[in-house]
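Student: Could we go through a protein model together? I would like to learn how to read one.

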Amino acid sequence: MKIRSSIIRLLSGGAVAGNILFILWGTYNGINEGFQGTLPEKVSYITLALLLLTNTFLIWHKKER
C-alpha cells in the first residue's frame with residue numbers, strides 16, 4: 001500500500017507541474033506574438049487555462065485531505 005500511495009503522490013505532483021508549465025508556456029508564446037490571434041484562438045486558450053487551473057486546484061485540494 002505504501003508504494004501505491006507514493007506512485008499516486010508522484011503522478012499527482014507531475015500533473016500539477018505539467019498543468020502549470022503548460023499554462024506558462026502558452027502565456028510565453030502569447031507574449032512573443034503580442035497577444036494577437038483570432039477570437040476562437042483567444043477563447044480556446046482562456047478556456048484551456050481555466051480547465052488546467054481547475055484541475056490543478058482539485059488535485060492540490062485532494063492532496064491536503
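The conversation below moves from the overall fold to single residues.

Student: Before we start, what kind of model is this?

Tutor: This is a predicted model, and the values we shall discuss are computed from it.

Student: How many helices and strands does the protein have?

Tutor: There are 2 helices and 0 strands in the protein. Helix α1 covers residues 2–32, and helix α2 covers residues 39–64.

Student: Is the protein spread out or compact, judged by its radius of gyration?

Tutor: The protein is more spread out than a compact globule, because its radius of gyration is 15 Å, well over the 11 Å that the globule rule gives for 65 residues. The C-alpha trace spans about 50 × 20 × 15 Å along the principal axes.

Student: What share of the residues is buried?

Tutor: Buried residues account for 15% of the 65 residues. The protein exposes about 5700 Å², and 71% of that area comes from carbon and sulfur atoms.

Student: Which residues does T56 touch, apart from its neighbours in sequence?

Tutor: Leaving aside neighbours within four places in sequence, T56 is in contact with V16, N19 and I20.

Student: New topic: how many aromatic pairs are there?

Tutor: The structure holds 1 aromatic pair. The pair consists of F22 and W25, with ring centres 5.4 Å apart and ring planes at 55 degrees, so the pair is tilted.

Student: Why does that angle count as tilted?

Tutor: Planes under 30 degrees apart would be stacked and planes over 60 would be edge-to-face, and the rest are tilted. The angle of 55 degrees therefore places F22 and W25 among the tilted pairs.

Student: How far apart are F22 and W25 in the helix?

Tutor: F22 and W25 are 3 residues apart in helix α1, so about one helical turn separates them. F22 is partly exposed, with a relative accessible area of 38%.

Student: What about the surface? Which residues form a nonpolar patch there?

Tutor: The patch is formed by Y45, I46, L50 and L53, which together have about 370 Å² of accessible area. L53 lies in helix α2 and is partly exposed, with a relative accessible area of 47%.

Student: And the loop? Where does F35 lie?

Tutor: F35 lies in the loop between α1 and α2. F35 counts as exposed, because its relative accessibility is 56% and the cut-off is over 50%.

Student: What is the phi angle of F35?

Tutor: Phi of F35 is near 55 degrees, which is a positive value in a residue other than glycine.

Student: Back to helix α2, then. What separates H61 and A49?

Tutor: H61 and A49 are 12 residues apart in sequence, and their C-alpha atoms are 18 Å apart in space. H61 lies in helix α2 and is partly exposed, at 40% relative accessibility.

Notes: Residues are numbered from 1 along each chain as its sequence is written. This is a predicted model: local features need pLDDT of at least 70, side-chain atom pairs count only at pLDDT 80 or more; totals for chains, interfaces and linings use all residues. Side-chain values use heavy atoms; hydrogens and water are left out. Patches are made of residues with over 30% relative accessible area and no salt bridge: like charges are joined within 9 Å, nonpolar side chains (Val, Leu, Ile, Met, Phe, Trp, Tyr) within 5 Å. Accessible areas come from the Shrake-Rupley method with a 1.4 Å probe; for residues, only the protein chains shown count as cover. A salt bridge is a side-chain nitrogen of Lys or Arg within 4 Å of a carboxyl oxygen of Asp or Glu. Helices (H or I, at least four residues) and strands (E, at least two) are DSSP runs, numbered from the N terminus. Buried means under 20% relative accessible area, exposed over 50%, partly exposed in between (1.4 Å probe, protein chains only). Rings of Phe, Tyr and Trp (its six-membered ring) pair if their centres lie within 6.5 Å; planes under 30 degrees apart count as stacked, over 60 as edge-to-face and the rest as tilted. The radius of gyration is taken over C-alpha atoms; the globule rule is 2.2 Å times the number of residues to the power 0.38. Contact means heavy atoms within 4.5 Å.
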